[in-house]
Amino acid sequence: MKYESQKVAYKYFLFATLLFALQVVFGLLTGAKYVWNFDPLIHILPFNTSRAIHINLLVVWLLMGFMGGAYYLVPEEAETEIYSPWLANFQLYLFAAIGVAAIAGYIAGWSWGMPFLEQPTILKAGIVVVALLFLYNIFMTMLKTRKWTTIQGVLLGGLVLLAVMFLFGVFFMKNLATQYYFWWWVIHLWVEGAWELVTAAIMAFVLLKLTGVDRERIEKWLYIEVGLVLFTGIAGIGHHYYWIGTPGYWLWVGGIFSALEPAPILLMVADTLKDVRDRKAGITNRIALYWAVGCAVMHFFGAGVWGFAQTLPQINKWTHGTQVTASHGHFAFFGAYAMLNLTMVYFALPQIKGLKEFSQRLGFKAFWTMNFFMIMMVLSLTVAGVVQVYFQRIMGLDYLTTQGYMRLWYAAFGASGLGFAAGCLMYVVDFFRLGKSTAKS
Ligand code: HEM
Ligand code: HEM
Ligand SMILES: [Fe+2]
């Protein structure tokens, strides 16, 4: 670690890690409702509340991870201290407080009801303030030295796009069709646009530092990647406009452009692997490299393959809104964004704590356990989804009868979820172990 203020990233990673664990707990609680009829929590935590908390925690911990990652990356790229470490801390606490208010609100029934954007308007306004403080701090840091590296540019572009797209989710529109039209401007353009840019920048930075590969070589790919992501990702929004009352041409736009969407992901994976092969010898932090390569591979399968499998209108008309969708949601979010944040944590944490060498055994155990069980979760949900499509959409059985036939696969999903939770716990323990060892150094 070159700059003292990079340390603010630690608190972001700490909060992100705790919220990740809590997200998994709520995942298990939500999943249990599919497996057992008996639900002692039904009056305080019905399915919709539990699900909302599960996915909100997901988004909040991922955003906190991105912010921590940015606070770690920018000083090194800009070659200066963070403009205001105080503001960076304040902004984290404000974000956490809004998160707590949101969860308490959901339990009390205070919710918009739209997935991922359930937060009531006043809390959304608070989130906008958090985003503005964050962007201001990052931008002022970059401005101090004006060293406009491509990595910094892509990161800033991604973060600004992320914040701007959120604005389309702040206002409540009475017409549900319009509401969902713009809902996708946030959800789709986040995960297939803005977040991809942030991911590309952070990944490029970690690979650069970890492997000592040429900056020019990695930055060249960043340009191609950004161009392609924006080109395919923006038009790819069409794959959400098939059945919500939008004009028929979206069937074509969605089908064609989202079929191209895996291309940039594939390039990114191939390039990461190529870089790794050509790296200069002697990478001591192997666990960070594993997370980076694992992220690239799981990103490709989760987003590219599982997304593509249901993206053509001819297929989507059957699978839309089934557990096939949820299997892709889990696979893509974990592979692309959870793993990116874990890559950054394993890269940055040892440096923040001043560790030259550290035991990586528990880290590897967490890596394999989480990845294995996530794949199991995804496969179980996919089969549950196929059963659902067959009975409900093809045979025409009603919703609840169909759910009965899916029970076995929900149970397999829940059991794999328990395995995943064990892997997550190993990661949490490892995080604290690494975090503590710093106190000594
Ligand atoms: C990392 C990137 C991605 C993430 C995190 C992600 C996540 C998600 C999530 C959570 C949903 C469910 C939204 C909802 O209805 O509540 C979804 C839906 C969908 N995604 Fe992705 N996705 C990614 C990339 C892709 C890509 C690259 C494709 C196409 C090649 C794709 C195709 C789709 C389609 C077609 C749907 C709609 C499914 C339906 O009709 O129910 N996604 N995605
Ligand atoms: C112990 C592990 C987990 C369990 C048991 C679990 C369970 C669930 C359940 C039951 C749902 C609701 C599905 C529905 O609406 O029918 C859900 C939604 C979701 N979960 Fe998980 N989850 C777990 C871990 C995770 C992880 C690690 C991630 C991402 C990193 C994640 C991301 C999501 C997403 C994105 C959705 C929304 C999907 C959509 O809109 O289609 N979950 N989860
Ligand atoms: Fe999408």
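This is a predicted model: local features need pLDDT of at least 70, side-chain atom pairs count only at pLDDT 80 or more; totals for chains, interfaces and linings use all residues.

Trainee: OK. How many residues surround ligand 2, and which are the closest?
Mentor: There are 22 residues around ligand 2, and the closest are Gly27, Gly31, Gly329, Phe334 and Gly417. The elements giving two or more residues to that shell are α1 (8-35), α2 (47-78), α12 and α14 (399-440).

Trainee: Which element gives the most to the shell around ligand 2?
Mentor: α12 does, with 7 residues. By class, the shell around ligand 2 has 12 nonpolar, 9 polar and 1 charged residues.

Trainee: And ligand 1, which residues are closest there?
Mentor: Gly307, Thr325, Gly329, Ala332 and Ala336 are the closest, out of 23 residues that surround ligand 1. Two or more residues come from each of α6, α10 (286-308) and α12 (323-352). The most come from α12, which gives 6 residues to the shell around ligand 1.

Trainee: What classes of residue make up the shell around ligand 1?
Mentor: That shell has 8 nonpolar, 13 polar and 2 charged residues.

Trainee: Switching to α6. How far apart are its end C-alpha atoms?
Mentor: They are 49 Å apart. Helix α6 covers residues 176-211, so at 1.5 Å a residue its 36 residues should span 52 Å, and the two values agree.

Trainee: Where is α6 kinked?
Mentor: The kink is centred on Trp190 and is about 60°. After α6 comes Gly212, with a positive phi near 70°.

Trainee: Is α6 mostly covered or mostly exposed?
Mentor: Mostly covered: 26 of its 36 residues are buried.

Trainee: Pick Tyr71. What does Tyr71 touch?
Mentor: Leaving out residues up to four places away in sequence, Tyr71 touches Gln6, Val8, Ala9, Tyr12, Ile82 and Ala88.

Trainee: Now the start of the chain. Where is Met1?
Mentor: Met1 sits in the segment before α1. Met1 counts as partly exposed because it has 16 C-beta neighbours inside 10 Å.

Trainee: What is Met1 in contact with?
Mentor: Gln6, Gln351 and Ile352, if you set aside neighbours within four places in sequence. Met1 and Gln351 are 350 residues apart in sequence, yet 5.3 Å apart in space, C-alpha to C-alpha.

Trainee: And Met406, buried or exposed?
Mentor: Met406 counts as buried because it has 23 C-beta neighbours inside 10 Å. Met406 lies in helix α14. Beyond four places in sequence, Met406 touches Ala384, Val387 and Gln388.

Trainee: Where do Glu79 and Phe116 sit?
Mentor: Glu79 is in the loop between α2 and α3 (85-107). Phe116 is in the loop between α3 and α4 (121-145). Glu79 counts as partly exposed because it has 13 C-beta neighbours inside 10 Å, and Phe116 counts as partly exposed because it has 16.

Trainee: Last one, α4. What do the buried residues of α4 pack against?
Mentor: They pack against α2, α3 and α5 (150-166). Among the buried residues in α4 are Ile127, Phe134 and Met142.

Trainee: What comes just after α4?
Mentor: Arg146, which takes a positive phi of about 50°.

Conventions
Residues are numbered from 1 along each chain as its sequence is written. Chains are lettered from A and ligands numbered from 1 in the order in which they are written. Helices (H or I, at least four residues) and strands (E, at least two) are DSSP runs, numbered from the N terminus. The expected span of a helix is 1.5 Å times one less than its number of residues. The bend at a residue is the angle between axes fitted to the seven residues ending there and the seven starting there. A residue is buried if 20 or more other C-beta atoms lie within 10 Å of its own, exposed if 12 or fewer, and partly exposed in between; C-beta atoms are placed from the backbone. A residue is near a molecule or strand if its C-beta atom, placed from the backbone, lies within 6 Å of it. Ala, Val, Leu, Ile, Met, Phe, Trp, Tyr, Cys and Pro count as nonpolar, Asp, Glu, Lys and Arg as charged, and the others, Gly among them, as polar. Two residues are in contact if their C-beta atoms, placed from the backbone, lie within 7 Å.
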